[in-house]
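Welcome! Open your viewer, switch to a cartoon view, and get ready to click along from stop to stop.

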Amino acid sequence: ASFIPLALTLAAGSRRLTLLVALNSDYFVNDLAQNIDAAQGRVDALRYDGLRLLASDPDAPPGTRRDVRALKLPDVESGRYVTRAGDGSARLAAYRASSLYPLVVVAEIRGDYALRHWYAEAATLLAVLAAVLLAVALLGVAFYRRQLQMLWQRAELRRLQRVNAMVFASSPVASVVVDEHGVIVSVNAEYERVTGYRVQELVGRSLFELLSRDGAVRFAERT
């Protein structure tokens, strides 16, 4: 195990005490290794001169050096930047330097790994959006087909009405059309010829009036 010495001076009245602490870097390295896969990212604790005090990457052990000129220490104590790994993948990096000790912690993580949750959420959102758009499109097609069907039905109804009107008007059989209350709505030409009544005299009158005894008598007189 490697240890990092730390010294802290304390004042106790007129006396000054210096505490010397040795940190076991293996504890921090093991904790980092459990949370960050070495293939996905790494964390380095460095001196200002780039000497590694501890690292999560086994290929960059403590005692090796790292180029920290881009961090602009000690003028800048924190920052973020993007770097490229050896395989060309983008790595998101952030660092934080201590204002009391010449120590800086640098964390790097693969961009695609850091954004994996965002990618998953974006894929889910796109899938839901695609399903909604498909449903809307199907509803639109169904509505359009329904409208076409209704237009065709109305056109067919008008055609049948014209045919029926032509058949009714030219029929050799005296015919009369009444509503649900027995009121005459229309008569054809043959009915006018047989009864002698004109259509203006019949429309709006009750058929039962013509079929009553008095109506039958008047009907007989007209015929």
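## A guided tour

Start at the loop between strand 4 (52–55) and strand 5 (78–84), where you will find Lys-72. Although Lys-72 is not a glycine, its phi is positive, at about 55 degrees. Is Lys-72 buried or exposed? With a relative accessibility of 57%, Lys-72 counts as exposed.

**The whole view**

Now zoom out, and keep in mind that this is a predicted model. Colour by secondary structure and you can pick out seven helices and nine strands. The protein has 223 residues, and 22% of them are buried. For contacts between residues at least 6 apart in sequence, 28% join residues at least 24 apart.

In soluble globular proteins, nonpolar side chains tend to be buried together. To see this here, select Leu-46, Val-68, Leu-71, Leu-73, Tyr-95, Ala-97, Val-104 and Val-106, the eight residues of the largest nonpolar core. Strand 6 (90–97) and strand 7 (103–110) each give at least two residues to this core. Apart from it there is another core, made of seven residues, including Val-187, Leu-202, Leu-207 and Leu-210.

Next, centre on Val-68. Which residues does Val-68 touch, leaving aside those up to four places away in sequence? They are Leu-46, Tyr-48, Asp-49 and Gly-50.

**The salt bridges**

Select Asp-57 and Arg-42, whose closest N and O atoms are 3.8 Å apart in a salt bridge. This pair links distant parts of the chain, 15 residues apart: Asp-57 sits in the loop between strand 4 and strand 5, and Arg-42 in strand 3 (residues 41–47). Both Asp-57 and Arg-42 are buried.

Move on to Asp-49, one of the residues touched by Val-68. Asp-49 forms a salt bridge with Arg-65, with 3.5 Å between the closest N and O atoms. Asp-49 is in the loop between strand 3 and strand 4, while Arg-65 is in the loop between strand 4 and strand 5, so the pair ties together parts that are 16 residues apart in sequence. Asp-49 is partly exposed, at 40% relative accessible area.

Then pick Asp-112 and Arg-110, a salt bridge whose closest N and O atoms are 3.1 Å apart. Asp-112 is partly exposed, with a relative accessible area of 40%, whereas Arg-110 is buried, at 16%. To finish this stop, select Arg-42, Asp-44, Arg-52, Asp-57, Arg-66 and Glu-108: salt bridges with shared partners join them into one network.

**A patch on the surface**

Strand 1 (3–12) and strand 2 (15–24) each provide at least two of the patch residues. Click on Val-21, which belongs to strand 2; Val-21 is partly exposed, with 40% relative accessible area.

**A hairpin to end on**

For the last stop, go to strand 8 (residues 176–178) and strand 9 (residues 184–187), which pair in the antiparallel sense over three bridges. Across the pairing, Val-178 stands opposite Ile-184 in strand 9. What do strand 8 and strand 9 form? They form a hairpin with five residues between the two strands, and Gly-182 in the turn has a positive phi of about 80 degrees.

Definitions and conventions
Residues are numbered from 1 along each chain as its sequence is written. This is a predicted model: local features need pLDDT of at least 70, side-chain atom pairs count only at pLDDT 80 or more; totals for chains, interfaces and linings use all residues. Side-chain values use heavy atoms; hydrogens and water are left out. Helices (H or I, at least four residues) and strands (E, at least two) are DSSP runs, numbered from the N terminus. Buried means under 20% relative accessible area, exposed over 50%, partly exposed in between (1.4 Å probe, protein chains only). Two strands pair if DSSP finds at least two bridges between them. Contact means heavy atoms within 4.5 Å. A nonpolar core is a set of buried Ala, Val, Leu, Ile, Met, Phe, Trp, Tyr and Cys residues joined through side-chain atoms within 4.5 Å. A salt bridge is a side-chain nitrogen of Lys or Arg within 4 Å of a carboxyl oxygen of Asp or Glu.
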